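Look at the structure below with its sequence beside it. The paragraphs that follow go through a few residues and their partners.

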Amino acid sequence: MMREERNSYAQSMFAKHPELFPEDRRQSILDGVVLIGMAPFEAKLAGGAFAYKVVADKSKWPENTDPLKIMWAQSIQADNSEIWMMFKNSSQFANGCDTSFRVYFEQGRAVKIEKLGGEEC
């Protein structure tokens, strides 16, 4: 999805579900920057295409639950699932280069963002 399409989709999500997108994070989403404290869906809107790993909270989710369902549910009701999302974009870091990075989520919120290298300018 192109950045313009992502921004258009993000704007429609802001309008449909304003309670899920705090005003102070909306500009970062539109700028393509994932922030500490974002839920996985906010990170998706900001970061673009991603790969992921989910270790479901066994006290909440039955075995074989769709991991994307678990990820998106964190916006509404966070749990103890562990989530990693990997992105590559040119907007996360100030250098303007396509850079890979990983975001780790606990209790439904981003707690760590790490640059993975592999910059392409």
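Two residues are in contact here when heavy atoms of theirs lie within 4.5 Å. This is a predicted model, in which local features need pLDDT of at least 70 and side-chain atom pairs count only at pLDDT 80 or more, while totals for chains, interfaces and linings use all residues. Residues are numbered from 1 along each chain as its sequence is written, and side-chain values use heavy atoms, with hydrogens and water left out.

Begin with Q92. Q92 sits in the loop between β2 (82-89) and β3 (98-106); strands are DSSP runs of E with at least two residues, helices are runs of H or I with at least four, and both are numbered from the N terminus. Leaving out neighbours within four places in sequence, Q92 is in contact with G32, V33, V34, F101 and I113. The side chain of Q92 also reaches the backbone nitrogen of V34, at 2.7 Å. Is Q92 buried or exposed? With a relative accessible area of 11%, Q92 is buried. Buried means under 20% relative accessible area, exposed means over 50%, and partly exposed is in between (1.4 Å probe, protein chains only).

Now turn to charged residues. Side chains of opposite charge can pair when their charged atoms come close. Such a pair is called a salt bridge when a side-chain nitrogen of Lys or Arg is within 4 Å of a carboxyl oxygen of Asp or Glu. How many salt bridges does a search of the whole structure find? The search finds 3.

One of them joins E23 and R26, whose closest N and O atoms are 3.5 Å apart. Both residues lie in helix α2 (residues 23-31), 3 residues apart, which is about one turn of the helix. E23 is exposed, at 61% relative accessibility, whereas R26 is buried, at 15%.

Another salt bridge is formed by the side chains of R25 and E42, at 2.9 Å from N to O. R25 lies in helix α2 and E42 in helix α3 (residues 40-47), so this pair ties together parts that are 17 residues apart in sequence. R25 is buried, with 16% relative accessibility, and E42 is buried with 2%.

The remaining pair is R102 and E114, with closest N and O atoms 2.8 Å apart. Since R102 belongs to strand β3 and E114 to strand β4 (residues 109-120), the pair ties together parts that are 12 residues apart in sequence. R102 is partly exposed, at 26%, and E114 is partly exposed, at 27%.

Technical notes. A polar contact is a pair of N or O atoms within 3.5 Å; within protein, one must be able to donate a hydrogen and the other to accept it, and residues adjacent in sequence count only if both atoms are side-chain atoms.
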